[in-house]
Amino acid sequence: MTARAVLVTCAVALVSVLVTALVAVPLSVRGAERRDQEALAAQARLAADVLRVRRQRVQDAAGERLVRQLREQQDITVHMIVAGTPNRPGLPRSVVNRVAQGRNVSGVRLVDGQRSLVEGRALPGGNGVVLTRPAGSGVWRQVLRSLWLALLAGLAAGLVAGLLLARRLARPIRQAATAAARLRAGDRTVRVPVEPPDEVADLADALNGLAAALATSEGRQREFLLSVSHELRTPLTAIRGYAEALADGVVEPAATADTGRTMLAEAQHLDRLVSDLLALARLEAVDFPLEPAQVDLARLAVDAQRTWADRCAALGVLFRVELPSGPVPAYTDPGRIRQVVDGLLENALRVVPPGAAVVLAARPAGADPAAGGVLEVRDGGPGFTDDDLAVAFERGALHQRYRGVRKVGSGLGLALAAGLVRRLGGRIAVGHAPEGGAAFTVLLPAHPYPIRTRA
């Protein structure tokens, strides 16, 4: 990057000098020619005055000496015209005739095939004197010498500017690269100074935001793994304890059946936890099994009522189903959406106190049948705070907040439910229920949608 910046600035300086030269050199040459023309005109006037006096005063030594001096000057040629005839060849015939006719000449003409400054002055009797000098003589050499100096100065300035610019631009980029390498190595405390220009500041902000997001994500993952390990260890400890008691003969024969049922319940809890973990791991996989079809959500709610009414009654919880008068069509996987409903009801039943209500409702999403259908699970439990609503579907977030405060599950159920609903093309939201607890709302489409199914 440093080399490129130096090359670019040097190229810009070179182009600037050349463009300036293309504009300034012709102007400089024209200005120099104009000054040379004026100087030559003054010398021609002086020569004419002296020669005019010489003609009036025979053999004037001063006039001869002036002509000789003019001839000796560098690049100036003196042409004497006597009775309309020049004393040396090369002058254009138009210049000779004009001077012989008594008229002066001033301008640029071709003399001996060379572009030259010409100043002619007429003398009496068809005589005259003409001074010539090559146009631009020495001017181009002077301009080229100046151009080389400007070019070298421009390249030097471009080199210095390029080095300074490259260092200024490369420093924050190198800092960003170093920070990215440290992030890759696992350092989440790295931060990049936010400096101008805006593009570099945006890069620094993005890297700092990435580092903060990675730190937060990894912190949640650690908390989640700690929570899951605790949940796995609890049923394993129980199973191991009862198994050792059975192996040591500590359990009385009359209590063997109860011990077996306890071990079976703990094993079932462990199996559900492992199944949830596997489902979460496979949820984003292409081959995750889904079998969508047209489903009546009202009938699905009735089927769920048969299962959950008795469980709620056994705990003293009121279970209620709210259904419209007609069907509630939706396009979804009936087995997966039933898994979502069962998970939401299980979460509700875990926290609802005896005497409170759990409500399962199904209704159309709108007057238009194409709007889809809605399933809702509400409860009269402790509910969630507004802060809880923002993280309700993050793995283990609520488990971490309420472990030891109230009865909680593994922290996977809501994350799994949200992932399943998204895979089914629907949306899930959580809010406050009129019964006083939490309200989970699942919106499902009415028609087929792009979905990945098992091949």
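Trainee: Is proline 196 buried or exposed?

Mentor: Buried means under 20% relative accessible area, exposed over 50%, and partly exposed in between, with a 1.4 Å probe and protein chains only. Proline 196 has a relative accessible area of 56%, so proline 196 is exposed. This is a predicted model, in which local features need pLDDT of at least 70 and side-chain atom pairs count only at pLDDT 80 or more, while totals for chains, interfaces and linings use all residues. Residues are numbered from 1 along each chain as its sequence is written, and side-chain values use heavy atoms, leaving out hydrogens and water.

Trainee: Where does proline 196 lie?

Mentor: Helices (H or I, at least four residues) and strands (E, at least two) are DSSP runs, numbered from the N terminus. Proline 196 is in the loop between helix H4 (139-184) and helix H5 (198-248).

Trainee: Which residues of H7 are buried?

Mentor: They are Leu297, Ala298, Leu300, Ala301, Ala304, Trp308 and Cys312.

Trainee: What is leucine 297 in contact with, leaving aside its neighbours within four places in sequence?

Mentor: Contact means heavy atoms within 4.5 Å, and on that basis leucine 297 is in contact with Val328, Ala330, Ala362, Gly373, Val374, Leu375 and Leu444.

Trainee: Where is the kink in H7 centred?

Mentor: The bend at a residue is the angle between axes fitted to the seven residues ending there and the seven starting there. In H7 a kink of about 35° is centred on arginine 306, and just after H7, glycine 316 takes a positive phi of about 75°.
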